[in-house]
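Visitor: Could you walk me through this model, one question at a time? I would like to know the cut-offs as we go.

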Amino acid sequence: MAVCAAIIGKDNSPKYFTCLNPYDELNLQYKVLSSLDVVEEKLNSGTKSGSDIRELYLGMLYSLETHKIYGYVTNTKIKFVIIVDSTNIAIRDNEIRSMFRKLHSIYADYVCNPFHIPGDQITSKSFDERVKNIMTGNA
Amino acid sequence: MNGTEILENDLFIDRRPIITCAGELEVFSLLEDNLSQALPQDSCEWRRSLGRPVRSVHIGANFAPFSTAALPKPNQWDMIRQPLFHIYWTECVDVDIYKTGIKDEIELWLKELATREIPDWLIVVVENYDGKRANKLLPRTTVLDKIRADFAPKQGDRCISVINPGKVESRSADSWRGLVSRVRHLVLVSYARAVARLEEHVRQQREKRNEVGWNFLQYFKLQEELAQVLEMLGLYDEALVQYDELDALFSQFVINGHTGDAVNWLVNFQKALERWHGLKLGPSHLEDDPSILELRAYIFAKQAHMLLLINKIWEIASRCLPFLHNCTREITLLEVTAPPGAISCWLFLACMEVLQTCEKFNQADQVEAYSLNTAPLWAYASQKLKELGELCGLMPNGTPSSEQLHIVVGLSAGMGDNPGSPGAPSPTDKLKKALCSQEAFNKNYLELAELAMGTYKHIGRLRSARLIGRDLAFFYLLLGETQKAAAFLGDALKTFEQDNWRELAAQTQVDLAECYMKSSDTRKFIRTCAAIASSPYIDTLIRWSYFDDMLKCLDLLEKPLVVPFKDIIKIISVNVRNDGPIMQDCVMEVEAVLDSNFPREILCTKALLSIDHDKEQKKLKDKNCRNVSKEIKPKDISMQRLKIQRHLDYKQDKQLSSASVVCKTTPLKRADSSASPPQSDFTCCLECAKLPLVLTPGLNVIRLSRKATETGKFQLGQLAVHVRELELISSLIIPKVSLEVKREEPTVRLDKGLSPLLLGLEQRMELSVTIGSYEIEKNSTVKLIASRGLSIQHLEDSPLQSSIDIAIEQTQPFSKMVTSIRILADIFSQDQQITINWPWSPKPIPVQLSFTPPLTCGIRLHTVKHRKFVHITLVGKCDMELNVDLPKLNFGEDVKVIDYNVPSSQVIMNDVSISYLWEIQFTPQDEAPPLKGEYKVQYTTQSNKLEDCETRTFQHFFEITDYQTLYHVEAHVEPTKGNEFCRVGAVCQLHLTIRPGSHTLQMNTTNSLMYEVLAEQSLWAVCGRTAGVVSFIPDPEPQTVIMDVMPLNSGYLPLPAIRLSKYIPAEYNVSDKVLKPETHPRLEPFSPGQVYNSSKGQQVHVIAALNDVHIQ
């Protein structure tokens, strides 16, 4: 389903990054980074228009020939970004939403760990495994 | 005009409803132009079925002569292209003529319509008014009434009369307006029915889309017809919906076709591409057998056209990129083969066309919304151009091969010809030109990329702009313009670092390193190498190689190169090793734990830690604070403390006008404007003693030290590690670590022993000199100056002096020198002081000393008649035992003294007294000058502690005045006559005799005396007067006074005391008649030696009374 998932802190620094194909990682990092522009734009305009503040899903941030990039922002301004291969035409918006919700939920579980220092990068193997499961649609 | 458009090949597609005309056509032909112009001029409400909103539309019409053949058949779906509405025109005003001919004609016409179930008709009677006829009486019935009665008894609106507007009159305008609106309304009603039928048909056809034989193109044309109708009516947004539906339908077919349900007609779109003519917005037409690109381009052009008409230009741009992505995806899904580069060409052309169109129609107020969408388009176009460049060998690093030249020719041919004006070349022209030569390609590519970057920056998408900058950097690198490349990469690096994307930053450093290596900028290369070598995000092997490169390049450095620590070396902790304040000239020692991220050991030539004096720190406080915040992180502005200031406004006459607080917002500064940390002054710094220092990867503990020469508070500034000419410098150490260097001044003390200081005895005091924290100069001296009467000496054998110089022998820090000082104060002054002068005190230090005498003496004068005795009591006043010898009393040469003392030495101890007695020999005489006596006694100390064994003299001077005996008093108590004994309670007689001395009366002192009997009240009761005055002036004989006294107790009673005083009588002013005392009489006491009471101490024996009665 998704080829890449990233968690970005409120200071826009990456907290977690994974992708199915490790060779693509650098390339995808650039894409995620530039998507932050759009996230910021949406967040800034969102406060103006007073849209539903409970809606965390930002929708598609932008699309490329090969990929589509979706965004989600928690109330604490933690950003989740998921990249989907654009040839994958079967995927629906709702599935993306649910992926984000699952990601949010395991992220929340993870940061509840008393040994986790907020703001640190996430290096847990089990977390990685769970994210991968969400990305492949096995979770 | 609505509903018509001119195509490039001059074809008309007229979607206006057709209106047929029957009857007297010559009448109509006069009105035709007017009518067809008037119809679309005003809007009309269009009510639709299915709850769709009412829209107001403009409707036009085509007029055609009525013919039976052209009439549509019942239930025909494409009513749009058939005559929709039918009008019968007549000019007849004569009822008879009507009855004879026209009635039949209309009947025939209506019958034709009725057979085809056409309900939409209208009969128009044109009236021509003449001025003359207007005066006539109205006819009973008109033709119109007749027609109405004959053909439309229930539908009155189907018949209308109109005054010929050819003859301009005010009356005709109203009737004309009525006709136009009637026609408009009726046409719309019938048109609406036709549209509904068309919609229904479209729906039916769409339902059949999965049936065999269904053809998309046919359906496309059908639905497009609907779109065109809507467009004709001015409902552009609804027309757009039709195109959007078609767009989505096609996409769905492609997706379905890919997943398995392939449909036959899709094969038509899977043909290999032969043409890739650029997308052209504006009037377009669809080829008969379109390729997928042509179909897509057509749909998009139509959508764009509609968007343009509803003034949503920016939406064209926003739809463009998804559209292009969709096209490429569909091409891959449909497995359409195309020559390499063809798709890129087409995509590029499409981008450019859209961008050009947007530019043309762009409005100033939409720039923001529009730039938001054009920025990615510019980027996409530049990316496509680059792909083409790579394909055709146009990139700067190569020359096109003949094969690649062939590709260019093929691509150019496929683009077709689409020449623009010379001033504004079409996208096709541009692309062809760009593909012609490397130079043109470079220019075009750079232009596009810069535009994309600029637009991104403009809309605030800095990160996207940086990524394009990164692409540009690589291009410039190929061009050999390393400086430009480095600038772009540097910007990208800053952005990555700001967002803390370490891996990307590290990667960019690698790119930068390559860039600097190419430009052989050694200094920057080293800087970057250091960053790469220490980045954990880079492969170890690569780190090693850059590390080696860095070390190699260090040899080339001529000047020191300052590189901030950043991630290369991290300071884990910094500790001051010294406990408490550091004494001057001690070594301050700091231990720093560094985490080196270099992949291997590195040999450092120096390690320094700067220290800043605290005083300077205070002055630069503001500046430093700013620096500090910059160092830590660019802070959130909203989290910073607001700088609120007082603000007072004064009027011209200097009165206060208003008071307020002002928050001057801190000016926003670019956080990244200063790359290097503020450099401390390393002239004053701690150094690592053990050199060369080897920093191993990971934690290292280094010790830095420095001798503290200056005093004061210091703060650790920055840490620097030098590797030959490479100077790695940390940021300011936070939290601040401070050191305090103190200096202790030398001190001096003068102490006495335990016992108090004594006068007239040589004693010892201790002078202690303590050297402070620093070594003092040799040959320093302490000068002690004693006050008068005090002498001192520190040398054992030298005589005592009033001032001495003591050399300080110990000059080492914290050494102490104690000198014993002998001190002797003469016997006379008890308060003395010693003044200490020495180099470390600007003022002399006075030391107050107070001495006590070792001995005191008391002097008493005793009298026996006229003889005088001096009694001296010597009291020891010190803890020591003193040997006292040779007492002497001397009143000068004239007065002789008889010594009654034993001539031997005596030991006197504390509070022990010794008495001495002398008699003064003198003859009583008139004048008795005061006697000045001098008492001397020799004493030595007995104690062994003090070496002072010298014999010293205690002297005491005194004076005796009024010592001659003037009066001799004698008293005795006798029983009254007849009594043998004095008894208690019985009156006795006190005989008081006062005898003046032989010389007394010559002395011109006083002549009257007052005597007082001072009886103890418990022993004696004095009867009668107790005091009286006697005078010896006329008679110098002794006088005797007898007083009655009564003893109150039995036993040996002391006699009542007698006191004599000089009596000075009151003086009277004799001149006045009345005697007034000027002064009261007064008494003056005698000195002790002047009155001798010989009966003092006498007692009288009183026996008890005879009976007890008296006792009461």
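Guide: Gladly, and burial comes first. A residue is buried if 20 or more other C-beta atoms lie within 10 Å of its own, exposed if 12 or fewer, and partly exposed in between, with C-beta atoms placed from the backbone. This is a predicted model, where local features need pLDDT of at least 70, side-chain atom pairs count only at pLDDT 80 or more, and totals for chains, interfaces and linings use all residues. Residues are numbered from 1 along each chain as its sequence is written, while chains are lettered from A and ligands numbered from 1 in the order in which they are written.

Visitor: As what does Arg193(B) count, with 15 C-beta neighbours inside 10 Å?

Guide: Arg193(B) sits in helix α4 of chain B, residues 170–207; helices (H or I, at least four residues) and strands (E, at least two) are DSSP runs numbered from the N terminus. Because Arg193(B) has 15 C-beta neighbours inside 10 Å, it counts as partly exposed.

Visitor: Which element gives the most to the side of chain A that touches chain B?

Guide: The contact takes 17 residues from chain A and 17 residues from chain B, two residues being in contact if their C-beta atoms, placed from the backbone, lie within 7 Å. On the chain A side, α1 (25–49) and β3 (57–63) each supply at least two residues. The most, seven residues, comes from α1(A).

Visitor: Which residues of the largest nonpolar core touch the most other members?

Guide: A nonpolar core is a set of buried Ala, Val, Leu, Ile, Met, Phe, Trp, Tyr and Cys residues joined through C-beta atoms within 7 Å. The largest one has 227 residues, and its largest share, 13 residues, comes from helix α9 (residues 342–361) of chain B. Touching the most other members are Ile82(A), Val124(B) and Cys351(B).

Visitor: What does Cys351(B) touch, not counting residues up to four places away in sequence?

Guide: Leaving out those residues up to four places away, the list for Cys351(B) includes Leu324(B), Leu377(B), Tyr380(B) and Ala381(B).

Visitor: What span does helix α15 of chain B reach from its first C-alpha to its last?

Guide: The expected span of a helix is 1.5 Å times one less than its number of residues. Helix α15 (residues 482–499) of chain B has 18 residues, with 26 Å expected. Its buried residues include Phe488(B), Leu489(B) and Phe496(B). From first C-alpha to last, α15(B) reaches 25 Å.

Visitor: Which residue follows α15(B)?

Guide: The residue after α15(B) has a positive phi, near 65 degrees. That residue is Asn500(B).

Visitor: Which strands stand at the edges of the open sheet of three strands in chain B?

Guide: The sheet has the order β39-β49-β45, with mixed pairing; two strands pair if DSSP finds at least two bridges between them. β39(B) and β49 (residues 1099–1103) of chain B pair in the parallel sense over two bridges. Each edge strand has a single partner strand, so one side is left without a neighbour in the sheet: these are β39 (982–983) and β45 (1051–1054) of chain B.
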